[in-house]
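Here are my notes on this one. Have the chain open while you read.

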Amino acid sequence: MPQPLPQTERDPAGVAGGAAPMVPEPFRVAARRRETPDTWTLELEPVDGDRGMAFEPGQFNMVYAFGVGEVPISISGDPSGEGALVHTVREVGAVSAAICAAEPGEVLGIRGPYGSSWPIAEAEGEDLVIVAGGVGLAPLRSTVLMALSARQSFERVLLFYGSREPEQLLYRGELQAWTADPAIELSVTVDSATGAWAGEVGVVTKPIGRASLDPDRTVAMLCGPEVMMRFAARALRDRGVSAERIHVSLERNMKCAVTQCGRCQFGPTFICREGAVLRLGQLEEIFEVREL
């Protein structure tokens with residue numbers, strides 16, 4: 001097991017309020033809404049009321065359900081610092097189920113923010129291409145919000161979003177608004193059409209393959225199931241986009257988030273320290289290894 005790094009090296013973004021890295025800060029649930037049958041969005045406010053949380057798009061927090069445990073959850077809110085801290089959580093186990101069940105007024109623990117961020121500055125003056133699959137839109141929502149608030153900084157903003165079925169789409173109200181917004185080019189597709197769905201059916205790589213893209217001007221950001229990201233990255237590479245211009249967000253089991261437990265190791269990389277956002281060029285070979 002690697003030796004722990006000094007806090008200034010392993011957590012350059014710092015911890016909210018300057019707290020010790022393993023001590024959660026209490027945040028109260030201010031609002032809660034259901035996104036899909038198994039996914040909820042929580043708006044959180046600090047219990048002391050004195051501070052919010054500064055973060056960069058793509059970073060994550062360790063969210064603690066008292067008496068149950070904690071899990072890493074990406075931050076999905078507005079990075080401008082206005083409004084509540086937002087987390088969109090899918091129920092996949094006991095801890096995430098307890099977090100999803102937290103009612104307004106209940107208190108959760110927050111440690112963070114941790115990890116690297118989407119390199120939005122690299123896309124300034126370029127075409128920003130965002131590819132999300134399923135709940136993978138949650139870690140990218142902050143990027144979309146930031147890009148739209150500074151739309152003049154980019155030539156084009158394109159969002160490709162895919163889901164298994166219409167009932168699994170996140171942020172449906174925002175998707176409707178983005179569809180009508182000329183500032184963003186939105187493509188939504190589902191693997192299987194159900195109900196009254198009249199949109200595109202198929203995997204998210206299909207619209208990537210036919211989109212008008214300039215590979216030398218494209219900066220791409222991908223998040224979703226790893227198999228989806230592998231195929232999306234291949235689709236972009238087939239269009240001539242360099243691996244250095246493609247960024248992915250990886251998910252691994254974490255216990256500490258400060259490089260002490262080693263559970264998030266991916267080859268030579270610790271996701272909590274170098275990730276979760278990584279440049280494809282850093283890991284292209286091992287990224288193609290299934291089940292790693």
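The points below go from the sheet to its helices and then to one glycine.

1. Ground rules: this is a predicted model, where local features need pLDDT of at least 70, side-chain atom pairs count only at pLDDT 80 or more, and totals for chains, interfaces and linings use all residues. Residues are numbered from 1 along each chain as its sequence is written, and side-chain values use heavy atoms, with hydrogens and water left out.

2. The open sheet has seven strands in the order S10-S9-S8-S7-S11-S12-S15, with mixed pairing (strands are DSSP E runs of at least two residues and helices H or I runs of at least four, numbered from the N terminus; a pair needs at least two DSSP bridges). S10 (200-201) and S15 (277-279) are the edges; each has a single partner strand, so one side of each lacks a neighbour in the sheet.

3. S7 (residues 127-133) and S11 (residues 218-223) run parallel, joined by six bridges. Asp127 sits opposite Thr218 in S11. H6 packs on the sheet, touching S7, S11 and S12 (246-249) (contact means heavy atoms within 4.5 Å).

4. Which residues of H6 are buried? They are Met228, Met229, Arg230, Ala232, Ala233, Ala235 and Leu236 (buried is under 20% relative accessible area, exposed over 50%, partly exposed in between; 1.4 Å probe, protein chains only). After H6 comes Gly240, with a positive phi near 95°.

5. Gly162 belongs to S8 (residues 156-163) and is buried, at 10% relative accessible area. Leaving aside residues up to four places away in sequence, Gly162 touches Ala132, Gly133, Gly134, Thr189 and Val204.

How values were computed. Axes are lines fitted to C-alpha atoms, for helices over the stretch in contact, and angles run from 0 to 180 degrees between N-to-C directions.
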